[in-house]
Amino acid sequence: MSQLKTSFGVKSKFEAFYTGGKIQVSSDGVYMFCGCGNRVNVLEVETGKVHITIGQEEDEEITSFCLTPNDQYVILATQQLLLRQWDWKEQKLVRTWKAIHFAPVVSMTFDCTSTLLATGSADSTIKIWDVEKQYCTHNLRGHQGIISIVAFHPDISRLLLYTAGEDYKIRVWDLKTSKCIAEVAAHYSLVTCVDFSVDGSSVYTTGRDGVVRILDTETHAIRKTIPVFEVVESVVLLPENVDYPAINVDGESVYFITAGNKGNLRLWNSDSGKCVFTTDAVHSTHQISVDTSAKPDTEDHQNIVQMVFNKQKNNITVVTYDQNISILGLEKLRLQKQFAGNNDEILDVKYFGEDEKYAVVATNSMHIKVFQLSNCDCEILYGHTDIVLSIDVVPKADMFISGAKDSTVRLWKINPTLKQVSCLAVGQGHTHAVGAVAMSRAKPKFFVTGSEDCTLKLWEMPDDLDPVVTKEMHANVTEKAHDKTICSVVVAPNDKFIASGSMDKTAKLWKASNLSLIGVMRGHKKGIWCVEFSPVDQILATSSGDGTVKLWSLADFSCVRTFEGHDCAVLKVTFITRGMQLLTSGTNGLVKLWTIKNNECVKTMDEHDDKVWAMAIGEAEDSFITGGADSNLIIWKDVTETEQNEVRQKQEQFILQDQELSNLIQQKKYLKAIGLAITLEQPFRLLNILKEILSEEAGDDKLYSTLEKLRMDQIDALLRFAVKWNTNSRHCHEAQVVLSSVIKMYPPKQLKELGNLKSSVEGLLPYTERHFNRMTRLVQQAMFLEYTWQCMKGISSNQPGAELEPATLGTTADAGTAGDSSDSSSESEPESVTENIPKAASKDKKADKSEDKSKLVEAKLPADQPTNESSSSESDEDMVETIEKSSKQQKKQSIRLKQQKEEVTKSKETSTKYDSKKAEKLKRLGLLQDTVSDNVKSDDKKVKLTVSQKAESSESDEESNSESEKENDFGVMKDRQRGILTPVQKRNKGGEHDSESESDSDSDENDTLSSAVSEKEVHRTVHEKASTGKRLDKGSSLEDSSESDDSSDSEESELESGQSAKAAPMDMEDEESKSDTGGVSEENIKKNLFKGYITRGNIKGSGNKTEKVESQGNKTSSVRGGQKRKMTDAYTVVKDKTPKVVDMQYFIDRKADIKTKVKDDIGNKQKPRQQSRKVTKADKLKKLKKPAGR
């Protein structure tokens, strides 16, 4: 069993090296210079391979080029009007300059000294350049149209230049005077060539008017005119005094050769003006053809466009219009070597000859080309009159068949000894192009053809074939096989069956004896391009335009396997490795190798740039050849075993080197170990080596000295590895050490020469910045830890100072709080702000304490520690720096706290303005009626009773309100639209306010009368009023109440000292809150007594305006839903001219009336809603009970 193949490599490649224009041959005849698009290929004549390529700029189209006579430089003229001077042997561009022409340069030539260059352009001007001194010497004008010919006289002393253009005139220029000394109208058509005699006395000119003119170089007159009766493109003068008897040349006369549209060479005697020798078609010198139909159409299709004579090799190089180049010996004018400069599209290819030395190729032309694979020598066969489409080879015989668009089939035979190819037979019968041919495999008995006329024809091989006489063939069987064009036919290995594939998406199996149909295979979605029999199984493979390859069983014509991998049409398919693998080619230029067993694509080969039309397998199946639309012919060879050996050798070498690396590390030969690790591309092993070096004593210095001995390419690889190490924080230290060493080691200019420097720097920068920031943060944290330790160390070592420190700090803290309370007493704050002030104050106190503490440490440490400067100077300086940093941070924090205080003050002012406006509004409505009774002691019991009754009524109200809220959703929604709040909302919003004031429609009355006073508040009010002695009797005036102002301070102190244990903390908190928040003090209340009367409510008086006074402490609860619940005692100053006293009992009765009224109103509103809701439910039930028919 043969081994499965895994890879194929390119053995040789035949590319297009000439696409048109003039060619140049070196003086020794070894190299040939051919233009090919945007480059010039230097072809080695002996081997036929491209030796050097010049001018590889993609965007430059070369219009003309010229080789110096000394074979040193090549001058290229480009489409961009530039002239480039190349040293072609070293492939070096010497200089570039502007051509100064206004149109592309189309003709160029050098003088015999290789100094002067003449350029003729399409702008009708000629310019002369001194190539050595690099300047333009002449600018010649006079022609009309494109300059087609420029030529220097061989005698440089005369300095004459001959030019010709589209005006059909030849002009002679004297370069000494830069003037035209002669103008000769020698031709009536375009002048195509000019050549000088050996002595320079005459010049031979040819044109497309079919004549050759001989001019005298002295008088510039026409000596002789020789008609040649063809369009002459080139003329070559033979050397004088030579005899070539084979071509009728003696040494007495002057002979010249002409070539033109007839495709042959004609030898002329200039004295007699007669043709003495004529060759056959240049490229068919060895073809022997008697049939007139086989003779080529020489007048239309074999134009020769150029001839070049080489004295040293004594041969003539001939170029045809279809880019074929032939080299003929001058002695017999016989073909020596031939090259196909451009194959165009390769449509089919087959191995041919003994040991498969040749390849028969059908290109996009009527000529068949037979390539000798060893030296690229090409034989061109003429016979078909239209494009050749398909080829097949007769096995074990030097014959092959071809089908073309001329509807004929030809049988060819090659003579390997004489290298002669002859056409043996011609078959006619198809009415359209013959696109598929197939020869029998077992014995050369028959062949089959398929055509665009949808028919298959079976042909028998003729007997008694004669290479001299071409026979005619006729088909034995003709069958209408398909509905569309037949693209492929193939004969089975046993010659019993024939398979055909067509564009009608079917493949059919036929008997080889009579072309009877056996079966049809359907399944492809597009046309079938190729069919192929398996060499070992009853399997047929088909490739289609749908991008799939299918295997069909010939037993039941079913599809057994489908290969999908091409994303385009599959043009060719064939079996290899004894039918176990497939090779396919597609229109995208890809060639794929498949294993049939597992439907796997083993290898994809991408060498072609366009469609791969042709593919042929060698007999040994170790090579194959492909041809495509990119005109490339590629020979592939099996490299499976070679690649496996290479992999095995690499593995063995890797194991040995790895072991050597381990030995070097163990022996501590770090330099060799680093170099070997870089060679093996093992960055992790190299990192371990660097870590081991750094772990030793003076590791940084050792690493630096080791890296200093590395080569620059190794440094480049080391930086590339450092990029990988730097991405990990564990290995970043080693990476930074390497980077630092390299930067110190080499100057920037030397580092700039590294190939991977840019990518290495781009990879190192971001992670290096990240590591630097991380280390900076670590250093800051370490400094803070050091500072903390120094502080702790100083405090513990100075015990006496530590005892005094709290007292000192306490005094400063007290001073700070006193200053804060004095400032805050002058301002009024809302509760939301006053809650945050103690926290901010505590932060300020802590900050002040830390500042004082740092000052004490600064003051004490130098005194307590010894004064030995040599032992403690450095530590003291570090500690002082850290302390200064911390003090700056604390100052910033204190500034931030002050800013927060300013913001709090602003919010207090806004809240105060809001409360004052609200109080004024309530005063206008006359709702401030809660005045303190004169007989407080007598009404104490009544107040207690009313408070308990209020508590009970509030509980019952809450229950009733909750029920009413559940039952009356519609009413609540309506109240919300009018802005009326429910009792629950008012309790949530106003804290302890009751809902007794909901009887009135005004929302301000509801807010004022909704406050409830607890029992403790009443007791506190009673005790305060009793202690102050400021009772107001009925009918007493404002002056009576002012008499007790002097004794108020003493009575307040007695009240504070004589209160119960429960009331004492409350009063202390009140005093603190008043001092902190700037609330109304007792002195302010006394002063306000002269301006109005004090009443219980939510309003506080300050000056002439009504203000709100709130006693805080434990009366302020937490915030819920963005509102604060408040339980406050408030003194209200009502400004009025006449004193008014309201009894407390009257106020309590008034509240009860309001409550009942509100309940009645709510009940009246709910009843109709409930009724309407019940009615709607009943209506719904009635509707549901109605019959469905209605």
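This is a predicted model: local features need pLDDT of at least 70, side-chain atom pairs count only at pLDDT 80 or more; totals for chains, interfaces and linings use all residues.
Close-up 1. A pair of aromatic rings is described by the distance of the centres and the angle of the planes. For W529 and W613 these values are 5.8 Å centre to centre and 70° between the planes, and the pair is edge-to-face. Since W529 lies in strand 47 and W613 in strand 55 (residues 612-617), the pair ties together parts that are 84 residues apart in sequence.

**Close-up 2. An open sheet with the order 38-39-40-42.** This sheet is also built from four strands, and its pairing is antiparallel. Its edges are formed by strand 38 (434-439) and strand 42 (475-480), each of which has a single partner strand, so that one side of each is left without a neighbour in the sheet. Strand 39 (residues 446-451) runs antiparallel to strand 40 (residues 455-460), and five bridges join the two. F446 stands opposite E460, which is in strand 40.

**Close-up 3. The aromatic pair of Y31 and W88.** A search of the whole structure finds 13 aromatic pairs, and one of them is formed by Y31 and W88, whose ring centres are 5.6 Å apart. The planes of these two rings stand at 70°, and because an angle over 60 degrees counts as edge-to-face, the pair of Y31 and W88 is given that description. Y31 lies in strand 3 (residues 31-36), whereas W88 lies in the loop between strand 8 (82-87) and strand 9 (92-98), so the pair ties together parts that are 57 residues apart in sequence. Both Y31 and W88 are buried. Elsewhere in the model, F8, F624 and W636 form one aromatic cluster.

**Close-up 4. The contact of helix 4 with helix 7.** The axes of helix 4 (residues 683-695) and helix 7 (residues 732-745) come within 10 Å and cross at roughly 80°. This angle makes helix 4 roughly perpendicular to helix 7, because angles from 65 to 115 degrees are counted in that class. On the side of helix 4 the contact involves L687, L690, K691 and L694, and these meet E734, V737 and V738 in helix 7. Sorted by class, the contact has five nonpolar and two charged residues, and no polar ones.

**Close-up 5. A hairpin and residues with positive phi.** Strand 20 (residues 211-216) pairs with strand 21 (residues 222-227) in the antiparallel sense over five bridges, and R213 stands opposite T225 in strand 21. The two strands form a hairpin with five residues between them, and H220 in the turn has a positive phi of about 60°. Most residues other than glycine have a negative phi. N248, which is not a glycine, has a positive phi near 65°; it is found in the loop between strand 22 (232-237) and strand 23 (255-260). With a relative accessibility of 45%, N248 counts as partly exposed. K668 is not a glycine either, yet its phi is positive, at about 60°, and K668 is found in the loop between helix 2 (640-666) and helix 3 (670-679). Because its relative accessible area is 51%, K668 counts as exposed, a term that applies over 50%.

Note on methods
Residues are numbered from 1 along each chain as its sequence is written. Side-chain values use heavy atoms; hydrogens and water are left out. Axes are lines fitted to C-alpha atoms, for helices over the stretch in contact, and angles run from 0 to 180 degrees between N-to-C directions. Angles under 35 degrees count as roughly parallel, over 145 as roughly antiparallel, 65 to 115 as roughly perpendicular and the rest as oblique. Contact means heavy atoms within 4.5 Å. Ala, Val, Leu, Ile, Met, Phe, Trp, Tyr, Cys and Pro count as nonpolar, Asp, Glu, Lys and Arg as charged, and the others, Gly among them, as polar. Rings of Phe, Tyr and Trp (its six-membered ring) pair if their centres lie within 6.5 Å; planes under 30 degrees apart count as stacked, over 60 as edge-to-face and the rest as tilted. Buried means under 20% relative accessible area, exposed over 50%, partly exposed in between (1.4 Å probe, protein chains only). Two strands pair if DSSP finds at least two bridges between them.
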